[in-house]
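Please keep the sequence and the model in view while reading.

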Amino acid sequence: MRQSVALLSGIALACAATVGGAQTAKPVSVWSGVYTAAQNKRGEELHGDVCIICHGRRLNGAGQAEMPPSPAIAGESFMRKWAGRNVLSLFVLVRQTMPIDGPGTLTDQQAADAIAHIFAVSGLPAGNRELPVEPGALANIMIDAKQ
């Protein structure tokens, strides 16, 4: 119950940052290089250590061992599911609910690195600036299904 309240609070903050006029800059697309190759590498290592058991090697939701299958977290279906949302909403979800056996144990940086890896596997280009952890900056980055 406490996790649900925390998740809803985080999502409400994400919406408030977007709707409440807190963002003044023009929204940025995930297709514009919002993470670095080094950040993807850290996310890939984190995925291999923490996420792979549920999300599979290719982030396709293929659960392993006794863990139940989980949703695909990369690729076309992921991009369609998240299209039109800002990265802050994804960040809040990852930060507060993952991993499933230890929700909220990832640091802000680990959550951003995991998202960078999700973006890389989804075919989004890397850039020269790391995906930030600041809510205002993340609220300004939009997930577009297609370039």
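Helix axes here are lines fitted to C-alpha atoms over the stretch in contact, and angles run from 0 to 180 degrees between N-to-C directions. The model is predicted.

**Overall layout**

The protein chain has six helices and two strands. Along the sequence they follow the pattern α-β-α-α-α-α-α-β. Of the 147 residues in the protein chain, 41% are buried. Among contacts with a separation of 6 or more, 67% join residues 24 or more positions apart.

**The α4 and α5 pair**

Helix α4 covers residues 87-97, and helix α5 covers residues 108-121. Their axes lie 9 Å apart, at an angle of about 120°. Angles of 65 to 115 degrees count as roughly perpendicular and those over 145 as roughly antiparallel. The pair α4 and α5 is therefore oblique. The crossing of the two helices is right-handed.

Which residues of α4 and α5 meet? The table lists them by helix.

| Helix | Residues in the contact |
|---|---|
| α4 | V87, L90, F91, V94, R95 |
| α5 | D108, A111, A112, I115, F119 |

By class, the contact of α4 with α5 has eight nonpolar and two charged residues. No polar residue takes part in the contact of α4 with α5.

**The nonpolar core**

The largest nonpolar core has 31 residues. V30, V87, L90, I115, F119 and L131 have the most contacts inside this core. Elements giving two or more residues to the core are α3 (75-82), α4, α5 and α6 (135-139). Which element gives the most to this core? That is α5, with seven residues.

L90 links several of these parts. Beyond its neighbours within four places in sequence, L90 is in contact with F78, W82, I115, F119 and I143. Two of these partners, I115 and F119, are α5 residues that meet α4.

**H117 in α5**

H117 also lies in helix α5. Is H117 buried or exposed? Its relative accessible area is 7%, so H117 is buried; the cut-off for buried is under 20%.

What does H117 touch, apart from residues up to four places away in sequence? The residues are N40, G43, E44, H47 and L59. A38 is 79 residues from H117 in sequence. In space, H117 and A38 are 9.9 Å apart, C-alpha to C-alpha.

Definitions and conventions: Residues are numbered from 1 along each chain as its sequence is written. This is a predicted model: local features need pLDDT of at least 70, side-chain atom pairs count only at pLDDT 80 or more; totals for chains, interfaces and linings use all residues. Side-chain values use heavy atoms; hydrogens and water are left out. Helices (H or I, at least four residues) and strands (E, at least two) are DSSP runs, numbered from the N terminus. Angles under 35 degrees count as roughly parallel, over 145 as roughly antiparallel, 65 to 115 as roughly perpendicular and the rest as oblique. A crossing is left-handed if the near helix is turned anticlockwise from the far one by less than a right angle, and right-handed if clockwise. Contact means heavy atoms within 4.5 Å. Ala, Val, Leu, Ile, Met, Phe, Trp, Tyr, Cys and Pro count as nonpolar, Asp, Glu, Lys and Arg as charged, and the others, Gly among them, as polar. A nonpolar core is a set of buried Ala, Val, Leu, Ile, Met, Phe, Trp, Tyr and Cys residues joined through side-chain atoms within 4.5 Å. Buried means under 20% relative accessible area, exposed over 50%, partly exposed in between (1.4 Å probe, protein chains only).
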